[in-house]
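I opened this notebook to record what I looked up in one structure. The entries follow in the order in which I made them.

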Amino acid sequence: MTVGATALRSVLRAHPSGVTVLTAPGPSGPVGVTVTSFTSISAEPALIAVALADTSTTWRKLAHSEHFAIHLLGADQAATALRFATPGADRFAPPTAWHTGPYGVPYLGGCPGRLLCSRHSTVRLGDHHLLVGAVEQVEHGEQGDGLVHRHGSLQPVPTPLPART
């Protein structure tokens, strides 16, 4: 027997999760969604994964996309994270800065890092779809503090000062 969804969510709220935005070309234009379920799976080969709810309208729009990007968000991008998490929002309208990257994948501006991925596999697990991506390209962007989701809010993670040597 497993615990219920409420009990699981209540304990996991204390676990900080990095905040990312997944973007992909969709059948009617660019699609994107804020994702905190991002993780690295393998370094060799380079694989990452994200989990998207079966009920997500974004999932339905990108379920057949062969390429997508994961944008690692910085502390100054909390508004972007909220916009891409808001159902019905025009996520790519101003003030969102973006351009079209390889394979028609929307690229957001101002991110500390970005990974261009091709679909490796998709597995339905419970009420989510696990999307595994093969990382084809990485880009370093703006340096600065990170952004995490913890206790139901977005919080900056300061860049540590270098240790004295």
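I began with contacts (heavy atoms within 4.5 Å). In the protein, 62% of the contacts with a separation of 6 or more are accounted for by residues 24 or more positions apart.

I noted the source next: this is a predicted model, in which local features need pLDDT of at least 70 and side-chain atom pairs count only at pLDDT 80 or more, while totals for chains, interfaces and linings use all residues. Residues are numbered from 1 along each chain as its sequence is written, and side-chain values use heavy atoms, with hydrogens and water left out.

I then looked up the secondary structure, taken as DSSP runs numbered from the N terminus (helices: H or I, at least four residues; strands: E, at least two). The protein has three helices and 12 strands. Its radius of gyration, taken over C-alpha atoms, is 16 Å, close to the 15 Å that the globule rule (2.2 Å times the number of residues to the power 0.38) gives for 165 residues, so the protein is as compact as a globular protein of that length. I recorded a span of about 50 × 45 × 35 Å for the C-alpha trace along its principal axes.

For burial, I used relative accessible area with a 1.4 Å probe and protein chains only: buried is under 20%, exposed over 50%, and partly exposed in between. Of the 165 residues, 35% count as buried.

S17 counts as buried because its relative accessibility is 17%. Leaving aside neighbours within four places in sequence, I found S17 in contact with T36, L147, V148 and H149.
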